[in-house]
Every structure is written in structure tokens, then in C-alpha cells.
Amino acid sequence: MVADFTSKVVLVTGASTGIGEAIALLFAKLGAKLALVGRNVENLANVAKRCEAEKGLKPLQIVADLATDAGCDKTAMDTILYFGRLTGCVNNAGVGARTNILLTDMQTYDRVFNTNVRGVYNLTRQLVPELIKSKGNIVNISSISGSAVSVGSLPYSMTKAALDHFSKLIALELAPRGVRVNTVSPGVTVSKFVQRLTDYTEEQYKEWLEEARRSVPLGQVCTGEDVAKMVVHLASDDSALVTGTIVQVDGGLQYNTVGSLMQKQIKTK
Ligand SMILES: NC(=O)c1ccc[n+]([C@@H]2O[C@H](COP(=O)([O-])OP(=O)(O)OC[C@H]3O[C@@H](n4cnc5c(N)ncnc54)[C@H](OP(=O)(O)O)[C@@H]3O)[C@@H](O)[C@H]2O)c1
């Protein structure tokens with residue numbers, strides 16, 4: 001079944017690049033009215049233009065820093081003022097950190113938690129009353145790092161574990177009000193995410209991706225489109241009875257990571 005979003009209004013955070021960009025474009029193809037959030041004005045405008053080219057619907061562009069309360073307030077207020085209603089929210093904006101307990105500092109902790117947890121919590125709480133009115137739904141973008149333990153991604157993994165728990169808990173809180181809440185957990189996905197954490201050149205990033213690909217049981221890293229298809233499916237009426245789920249889109253990587261960690265432990269005993 002092809003999902004129809006022509007009567008829907010969807011907010012996508014982190015829509016200016018990567019996975020959020022692919023999510024916005026797929027919703028635009030399916031006729032959704034869109035509110036798109038990001039910090040980079042130029043990138044956001046480019047994505048909005050490409051979305052408009054799909055069905056002629058001009059997305060609302062919201063330039064906001066969701067790590068701040070002011071950014072969350074502005075996003076919620078502008079969306080509701082502009083459209084007067086909301087049927088879907090995709091909390092996709094997120095940042096990473098590569099550190100460990102010996103190297104970390106509280107600036108890193110605050111930056112990652114303020115974006116990936118506090119921002120999602122604050123924005124969601126402000127949008128829920130509208131989603132209750134529309135019997136709408138939420139899709140949160142987590143990561144397989146939220147459940148698999150991967151050394152080097154502290155405190156990013158902690159934020160995604162918190163997000164997973166947030167999603168499951170509010171799914172139960174909101175089910176009696178007719179609002180569904182689901183999570184998509186990508187594995188390694190082509191985007192700007194890794195390059196923001198490293199000083200990799202394009203060539204080094206390609207090599208890194210190739211190495212990552214070899215660990216993926218299905219033999220491919222994800223694209224934004226792979227993740228977007230699952231997001232749209234969960235946000236659509238085809239998933240009317242689906243809530244509280246966490247769907248991995250990772251080519252089986254999570255189980256492979258856990259498997260190899262367990263093997264290592266067995267060998268060292
Ligand atoms: N790529 C992966 O391998 C992977 C794997 C698992 C999960 N994920 C998750 O997928 C989501 C999207 O990541 P991505 O891979 O697409 O990375 P990306 O290319 O770096 O995109 C991140 C997006 O989030 C936005 N963003 C970041 N901080 C923000 C803030 N404070 N306020 C508003 N917007 C903010 C960015 O906007 P600006 O550029 O405009 O600031 C950008 O649009 C994240 O939640 C990430 O944790 C990614």
C-alpha cells in the first residue's frame with residue numbers, strides 16, 4: 001500500500017542534511033505539508049526547495065537550535081501558528097560525541113544531552129496537545145548505539161538509551177489519547193554525522209564506510225532513504241496499531257556487534 005499524507009502536517013527536525021533530509025523529501029513526495037527544522041539556513045532552504053518541487057507545497061522553514069529552550073519554544077509555536085494543527089512529529093535532530101570516561105568533559109555531555117534528550121523532551125511536551133487533537137503520531141530517531149554497547153560513543157549512546165526509554169514510556173502514556181509513538185534505530189548510515197565528529201576527508205570517510213560495511217550482516221550500510229521508508233511507514237495509517245516499537249534499520253549490524261563482543265568475552269575467559 002502506498003501511504004497517503006495529503007491531509008497530514010508533519011514536523012521533521014534536523015531536516016537540513018542527512019537522514020532528516022531524506023525523511024522530509026519522502027514525506028513531500030507523499031503530499032505532506034511540512035515544517036522543517038535545522039540550524040543551517042542555507043541547507044534548510046535547499047531541502048525546502050527540493051521538497052516544494054515534489055508537489056508544489058512550500059514547507060515552513062524554522063531555523064532553530066533545539067538544544068536551547070528558546071529554539072524548542074519557537075519551533076512549537078511557529079508550527080502551530082502557521083498550520084493550526086499537527087498530525088506527525090519526527091524527532092530526528094541529533095549530534096554525536098566520540099569520547100570515553102577518562103577523556104570526557106561536561107561541555108560534551110551537555111551538548112549531546114541538550115540536543116538528543118532535553119530538546120526532544122521539551123519539543124515533544126509542547127506538541128503533544130496538538131497531536132492528541134489530531135490523533136497523530138511521533139517517530140523518534142534513535143540509534144543501535146542506544147541498546148548495543150559500543151566503546152567510544154559515550155555519552156551519545158546514553159542519550160539514545162534515554163530516548164528509547166522516553167519513547168516506550170510516552171507510547172504507553174499517550175495510547176489512551178490515541179497518539180502513537182515509535183522509534184527507528186539506524187545502524188551506520190551515510191550522512192554528515194561522522195564527518196562532524198572527525199576531520200576525515202571524503203576519501204577517508206569512504207574508507208571508514210567500507211570498513212563499517214564489512215561488519216554489516218546484509219553487506220550494506222544504510223542510506224537516509226532506507227531509514228526514511230521505515231519512518232514514513234510507522235507514521236502512516238498502515239501502522240495504525242503499532243506503538244511503542246523500536247525498529248532497527250541496520251542490515252543486522254546490532255546483532256553482529258553484540259555477537260562479536262560476546263565472542264571476545266568468551267575468548268578471554
Ligand atoms: N548517520 C548515522 O550513522 C546514524 C546512525 C544512527 C543514528 N543516527 C541518528 O540519526 C539522526 C540524524 O543524523 P544524521 O546521520 O542525518 O546526521 P547529520 O547529517 O549530521 O544531520 C543532523 C541533523 O540534525 C540537525 N541538528 C543537530 N543539532 C541540532 C540542534 N541543536 N538544533 C537543530 N538541529 C540540529 C542538523 O542541522 P544543522 O546541520 O542545520 O545544524 C542536521 O539537520 C541523529 O539523531 C543521529 O543520532 C545517525
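User: Among contacts in the protein between residues at least 6 apart in sequence, what share joins residues at least 24 apart?

Analyst: This is a predicted model, in which local features need pLDDT of at least 70, side-chain atom pairs count only at pLDDT 80 or more, and totals for chains, interfaces and linings use all residues. Residues are numbered from 1 along each chain as its sequence is written, and side-chain values use heavy atoms, with hydrogens and water left out. A contact means heavy atoms within 4.5 Å. Among contacts between residues at least 6 apart in sequence, the share that joins residues at least 24 apart is 72%.

User: How many helices and strands are there in the protein?

Analyst: Both are DSSP runs numbered from the N terminus: helices are H or I with at least four residues, strands are E with at least two. By that count the protein has 9 helices and 7 strands.

User: What is the radius of gyration of the protein?

Analyst: The value is taken over C-alpha atoms, and the globule rule is 2.2 Å times the number of residues to the power 0.38. For 269 residues the rule gives 18 Å, and the protein comes close to that, so it is as compact as a globular protein of that length. Along its principal axes the C-alpha trace spans about 60 × 40 × 40 Å. The radius of gyration is 18 Å.

User: What percentage of the residues of the protein count as buried?

Analyst: Buried means under 20% relative accessible area, exposed means over 50%, and partly exposed is in between (1.4 Å probe, protein chains only). Of the 269 residues, the buried share is 48%.

User: Is serine 16 buried or exposed?

Analyst: Serine 16 sits in the loop between strand S1 (9-13) and helix H1 (18-29). Beyond its neighbours within four places in sequence, serine 16 is in contact with residues including Glu21, Arg39, Asn43 and Val47. Its relative accessibility is 11%, so serine 16 counts as buried.

User: Which residues does arginine 196 touch, not counting residues up to four places away in sequence?

Analyst: Arginine 196 belongs to helix H6 (residues 193-197). It counts as exposed because its relative accessibility is 53%. Arginine 196 and alanine 97 are 99 residues apart in sequence, but their C-alpha atoms are 9.2 Å apart in space. The residues that arginine 196 touches are Thr17 and Arg39.

User: Which two residues does a cis peptide bond join?

Analyst: Most peptide bonds are trans. Here one has an omega of about 0 degrees. Its proline lies in the loop between S5 and helix H5 (156-174). The cis bond joins leucine 154 and proline 155.

User: What is the phi of lysine 135?

Analyst: Most residues other than glycine have a negative phi. Lysine 135 is not a glycine, yet its phi is positive. This lysine is found in the loop between helix H4 (106-134) and S5, and counts as exposed because its relative accessibility is 56%.

User: Which residues is serine 167 in contact with, leaving aside its neighbours within four places in sequence?

Analyst: Serine 167 lies in helix H5. Its relative accessible area is 2%, so serine 167 is buried. The contacts of serine 167 are Asn140, Val181 and Thr183.

User: Which residues does tyrosine 109 touch, not counting residues up to four places away in sequence?

Analyst: Tyrosine 109 is found in helix H4. It is partly exposed, because its relative accessible area is 30%. The residues that tyrosine 109 touches are Pro155 and Met158.
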